[in-house]
Amino acid sequence: MKRTVVLTGSFQYKVPNTLNWDVYAEGTRMEHIGEDIYTLTIKDIPAGEHQYKIAVNSWKENYGQGGILNGFNVILYLYKNSDVTFYYSDKSHHFCDSTQFMPLLGDDKPKLNINEIIYTLEDYNFAGVYSAEVELDKGEYNNLVIRAKEEEIYLPAFNLEAKKKISFFYDSPSKLAYCNAFDRKIDNSLVYYNSASTIYKKPFGAVAEKEDITVKIRAKKNDVEECRLVVIGFEKKYCFNLEKEDCYDDDFDYWYCDFYIEEKGVYKYYFVFSNYYDIKFYGDNDGFLGEGICGDIKDIKPYYITIYDKNFKTPDWMKNAVVYQIFPDRFYDGDTSNRAAQKTGRGFIDYEFYQDWYAIPENPALEHRSDYVGVRGRGIWSNQIYGGDLRGVQEKLDYLQALGVNTIYLNPISKSISSHRYDTTYYKEVDPLLGDIKDFEELVEEAHNRGMHVILDGVFNHVSDDSIYFDKFGKYIKPGQPLGAYQYWSRVYSMMEEYHICQEEAESHVQENFKRQGIYDFHYKDWFKVENRKEHGSYKYEGWYGYDSMPVINDLYDSEYKIHSWAEEIIDGEDANSKFWLRKGSNGWRLDAAEQMSDETWRHFRKAVKRTGCDYAIIGEIWTDGTKYLLGDMYDSLINYRFTNAVLGFIAGRDFGNYEWNGITTVKLLEQIREQYPEDAFYSMFNLVDSHDTQRAISAIDGYKKGEPAIANTPTERAYRLMKLLALFQVTYPGVPCIYYGDETGLPGADDPDNRRAMPWGRGNKELVLWYSTIINIRNKYDIFRNGYMKWINVTTDFIVFARYNGKEQVVVLLNRGGEMRNYTLDISNAVFCTDKLTDAITGREYRIDNGKIFIDIEKEWGTILVTDYQKVIIDEEKLKDAFSPEFTIRSSENYNNYSA
C-alpha cells in the first residue's frame, strides 16, 4: 500500500518553501517507485555534517539508524556540495543514501540464471547483499551465472543428491557471489588482519593522496577462493582484488593487494572472502582500529583510513613547542594604569573589580549555600575582573622560559565585556583592561627575541550581544559607523507591527531614518538571524548554546562564508581579522567552537592564513575525532581532548567518558589517534590535560568533574604525586604539551568558573614547580621527544612502558599509577642502539645492562625516564621563585577600592 513517506532532516531547506525537520513537507515527500520502495533526490546539499531520518505520515512513525522505529538520526557527511539520492523500503523500514551505495532497483536487480530459468535477487535491507532462495531438484547444475549490470559472476557446478532449497547471494560492493549448496564454511577464527601492524598494512596510519598502500590478510590454508577489499569514500567506491601470496606456510594463506586512493578524505574499508559456498567479512571489532573480527556483514564495523593532501605540512616550530595557556585576566597585573580602563561589562552593569588577587571567583550557582567559600557578589556570571594584562605576561617571560615554555597561547584579548572575552565587542582592538595594541606588539616582539611564539584565540562563531556587530543595547549608534544588527532588525519589526507594513517597506523606512542621522552602512544586519518574534522581551535570535549574550553568526545555507560582508571582514579581506593579528606579530590561531562552523569557512580561512605566511599555525578546538579537519585543507592541529580523556583517565583511575580507564584502554585510544591523524599533524597535536573549559587536572584526580558546580579543596598529597606522573606522561608523549597556567603550581579548580582562579604567585607548590621545570627542560634537551617514533613496550592495568626512538638512540618512559612499588625487568636486547647502560634523566642514576636487561624498581604512583645519552639539565630556580617564594605574593590593591565587589 502506498503511504506518505517524508525525508526529514537538517537540509530540507534546500527544497523551496520547506523547513528543516518538517514531517509534512510536500517538497521532501518521497516518490513511490513500486515494490514498497520510495526515493528522492535533493540537489546541492552543502558540504558538512547533516542529519536525517524517515517519517511516515507523522512523527508517530519515524525510522532512524538501522531502520529502527524512533531510532537515532542518520549522519550524512559531505566533503563538498552534492546532489544526494535517498532510498527507503517500506517492507523493512531500512533506508540508505547515494553516499553509501546505489542500490540496484527494478530491471537492474541482480538476476540468477539456472538452466535458462531467471530468478531475481532482492535486498530489502539496503545492505548491499542480494539474495534469492530457489528449490532445486536432485541432479547436476552447471553454468550457474548471476548478472548484475555489466557483471557476470559464474558459480561452480554442484550435484544435489536430493531435492533442496538453495540460497544464492550476490554482494554488490565486492561483486562476489556464492550459494549454500554445500556446508563448506570459512574458518572465522583463523582469519586475521591488523591495521596497526605494518606486516598487514603499509604504510602505518594516514596516507597521502596517490601514495602506494599494501594490505595483507591471513586465512586458513586452502580455505578461501576469492578475496576482495572494499573501500568506500564520499563519492567514489573501490573494489580491489587480492591475490594469494606465494609462500610456504603450511597453515595459512596470505592475500594481498597494492592500491592507492586519488582524492583526500576519510574512507571506510573492509575485506570480503568467498569459497563459493560461504562468504565472510572482516572489519573492525571495537572502533579502535588495529585487530578486527571476521563474521557476517552485520557483525563488523568498517575500518577507517585517512587520505590527506600530499602537500600537507605543519609549521616545523610547532613540533618543538611547549605551550603555556594563559587566561589573561588571571595571570599577572603588570600595568596598574589600566585597572579601571573599562568599568562597564555587558549592557550597563558595572564590572566587579577584585581587591584580593587570591579570592575564589564568584559562582552564582553556589553562593546561596551556607558553606560557600567563594566571593559573594552580584550573582552575575563572568563579570569579575582581577586585573591581569598583557604587560603582566611580558613581565613573566623569564619565569616561563625557566619553566621550559617556548610558546604562549592567550585566551581572547580582543575588546569584550566579560572576564573570559569569548564574547567579542570589537575584533581589532585590545581589550582596554589588558592594555592596547602597542602592549601586544611589545609582548610579541620580546617573545620573538627570546625564540618564543604567541598564539591567539580566534572566536568567530559568535560575538557579544553588546558589540558593534550586534549592539543589543544601542551603545554604538554613531554617525559614520555601521549599524548593529539588533538595532536594525528591532526597528524593522517594530515598524512592521505598528504600521502593518511589509518587511521590505519597513526596511526602506528604517534605512532612510538612519541615513538622516549620518549612518549609511547596514551590512551587519546580514550577520545574524533575528526573528520577528519576541522572547523574554527581546526579539529572538540564536545564541551560542542558548546564551543570548553571545549571538551566533548566520550560517546562510549552512556556511557563514556565504555572508559576503562577514567573509570579507573576518576571513578574506586585505585587512581581515584573520590576517590583522598575524601582521601584528601573532604566530597563529587557536579556533574556538571550531566544529560549530562550516568546513567551507575553515577552508577559506586556511587559504587566507597560509597566503599571509605558511609558517602560521591553525589549531582547531575539537573535542572528539577531528580527522576530517586534518586532511590538509583546514587545520594544522587540534586541541587534543581525546588525549586528555585517555591520559587523565589512566592517571586518575576514574571514568572520563564511556570507558573503564586503565592502561590498556588508554593505549588503545592513543593508538587510534596515532593511526587516524597524518603524521605531521600528530606530532603537532596540542596535548592538554585541562583548560579553561574543564576542571583542573589536579582536582580531577581528587574526583571533581566537568559539568558539576563546585569549589575544589586544596589538593590531596596523592593528587600532587599523581600530577607529577601526569605531567611526565604529557611531556614525553609525541605531540605538543599544552599546560594550563598554574598547573605547575598545583592550583586547584572545579569546573568553570573555579578553574579560572588567579595565578597563585608566591604561594605555589615549590616541589611541583621544580618538577615541571625539570621534565620540560629534559624534553627540550632531547630531540627524540619532539620527533622520535613511538613504541609501546609493556602495558597493563596500572603500568605503562613506552619508548621513543630514532636511528641513533632510544628513550624509555616508565609510568606506574599503581599503589605499590613495581619491580620491573626491562628487556632491551632488541633495542635500536648499542650501549652498556641507561641513565635516569631525572636523577642521573645509572642502570647497567645485564644480558640485555635492566632491573629497576618504580615507586608507587611514580615514573621515570631512561636515556642512552645522558645530559644533565640545569634548572634556574632563581627565575622560578615567582611561583612559590613568599616575596612574590601579591598584596591587595587599594586602587580597586572604588570598584570592589
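Reader: How many aromatic pairs does the structure hold?
Author: This is a predicted model, and the structure in it holds 70 aromatic pairs. One of them is formed by Tyr52 and Phe95, which are tilted, with 5.8 Å centre to centre and 55° between the planes.

Reader: Where do Tyr52 and Phe95 lie?
Author: Tyr52 belongs to strand β4 (residues 48-56) and Phe95 to strand β8 (residues 95-97), so their pairing ties together parts that are 43 residues apart in sequence.

Reader: And are those two, Tyr52 and Phe95, buried or exposed?
Author: Tyr52 and Phe95 are both buried. Another tilted aromatic pair is that of Tyr354 and Tyr386, at 4.7 Å centre to centre and with 55° between the planes.

Reader: Which parts of the chain does the pair of Tyr354 and Tyr386 link?
Author: Distant ones, 32 residues apart: Tyr354 sits in the loop between β30 (352-353) and β31 (384-385), while Tyr386 sits in the loop between β31 and α2 (390-395). Both Tyr354 and Tyr386 are buried.

Reader: Which residues form one aromatic cluster?
Author: The cluster is made up of Tyr427, Phe460, Tyr469, Tyr524, Trp527, Trp589, Trp602, Phe605, Tyr629 and Tyr635.

Reader: What about charges, say Lys396 and Arg763: which ring face does each lie over?
Author: Lys396 lies over the face of Trp761, at 4.2 Å from the ring centre, and Arg763 lies over the face of Tyr358, at 3.7 Å from the ring centre.

Reader: Switching to cysteines, how many disulfides are there?
Author: The structure holds 0 disulfides. For Cys257, which is in no disulfide, the nearest cysteine sulfur is that of Cys227, 8.1 Å away. Cys257 is also buried, with a relative accessible area of 5%.

Reader: How many bridges join β13 to β14?
Author: Strand β13 (residues 144-148) is joined to β14 by 5 bridges, and these two strands run antiparallel. Within this part of the sheet, Val145 stands opposite Tyr154 in β14.

Note on methods
Residues numbered from 1 in each chain as written. Predicted model: local features only at pLDDT ≥ 70, side-chain atom pairs only at ≥ 80, totals over all residues. Heavy atoms only, no water. Pairing = 2+ DSSP bridges. Helix = DSSP H or I, 4+ residues; strand = E, 2+ residues; numbered from the N terminus. Phe/Tyr/Trp six-rings, centres within 6.5 Å; stacked < 30°, edge-to-face > 60°. Buried < 20%, exposed > 50% of the residue type's maximum accessible area, 1.4 Å probe, protein only. Lys NZ or Arg CZ within 6 Å of the ring centre and 35° of its normal. Disulfide = S-S within 2.5 Å.
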